[in-house]
Amino acid sequence: MNGNVCVIGLGLIGGSLAMAIKHEHPDVNIVGFDRDDNNAHLAKILGIIDEITPSIEWGVQEADLIILAVPVNETERIVAELANMNLKKDCIVTDAGSTKGSVARAAAGLLDKGITFIGGHPMAGSHKSGAGAAKRQLFENAFYLLTPAEGIIDSDINRLKEWLKGTNANFLLVTPDNHDLLTGVISHFPHIIASGLVKQAEHYSTRNPLVSRLAAGGFRDITRIASSSPEMWRDILIHNKSVLVELMDNWIDEMLQVKDLITSEDRVGIYRFFQEAKEFRDDLPVHGRGAIPAYYDLYIDVPDYPGVISEITGYFAKEEISITNIRIVETREDIFGVLVVSFQTDIDRTKAAACIKKYTSFDTILV
């Protein structure tokens, strides 16, 4: 496709979308806007965008596609402002926010003026942020939810999909309200639970410092999502309030039932609780990408000598394998320790295991 794209918000998501579009449609001209001038200039230097627009109003005038990759509060404000700007009649406006109901309502003014707005939510992410973290393959095989309003014609939906073809994402069409329910169940609410577990551990750590030491292993892994941006999750919870309040009520009821099972020592009921949960979880797709970004861990048995970690990361750099995290689980003098390296895709993890086998005699385990 040819034309002009305006990306508003040049962070991880906006930058990655721009890169995917440019890769698939090299002749397109991409202009970008970011409230952080330094981040905008970084995006220009890295080739993520072709031009920096001095203002949103200037950048959208000739745009065939406008992407809003900013927090939901900002998205609502900008969408309302776009309705009063001079846009091309066949322009498509989309966003990349985590909630959709309030954004859809804010976009009513655009729709009234005949401008196509199709909400979007690419369900992928990273612990990194800013234009420097953007990567073209970020959305590969991830679900990308599109939430067109009533009356949006199929040809416009297909045109947006064509613009976003370079993401290699799996597109699904849902209503804005259904989107907020789905993401509430499998993304937003789990973040609340993870943070609640961490807060409980913090509370008990004031009485017993061993809590913090023992939480460094599996507990830290299962609560990883509690390290997400507090500002972002504050806004998500407020915008998806009605769904999350209902989910919390249901959760409280469920936990009260479990509490009764434990109090009454109902062995059959307790077993059933865990068995039903196990069966549902075991039936979930193993290699699919869902709402919460997955990280693929490679365990490496390494000897304890100076420089071994930089040696291993050097091998990864040599093979151009990107890692998302690295940590030592255990290391004691004169024995092998365990190095856990996390990757964003299973493909990267498989390449890393082959890399270690190629350059070292260290054992690796994929979990």
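Start by selecting D95 and K100: their side chains are joined by a polar contact of 2.9 Å (a pair of N or O atoms within 3.5 Å; within protein, one must be able to donate a hydrogen and the other to accept it, and residues adjacent in sequence count only if both atoms are side-chain atoms). Before moving on, a word on what you're looking at: this is a predicted model, where local features need pLDDT of at least 70, side-chain atom pairs count only at pLDDT 80 or more, and totals for chains, interfaces and linings use all residues. Residues are numbered from 1 along each chain as its sequence is written, and side-chain values use heavy atoms, with hydrogens and water left out.

Stay on D95. It sits in strand β5, residues 92-95 (strands are DSSP runs of E, at least two residues, and helices are runs of H or I, at least four, numbered from the N terminus). D95 is buried, at 0% relative accessible area (buried is under 20%, exposed over 50%, partly exposed in between, with a 1.4 Å probe and protein chains only). Now show G97: its backbone nitrogen is 3.3 Å from a polar side-chain atom of D95.

Next, pick R77 and E74, whose side chains form a salt bridge at 2.7 Å, N to O (a side-chain nitrogen of Lys or Arg within 4 Å of a carboxyl oxygen of Asp or Glu).

Last stop: K278 and D282, with a salt bridge of 2.6 Å, N to O. Both are in helix α13 (residues 267-282), 4 residues apart, about one turn.
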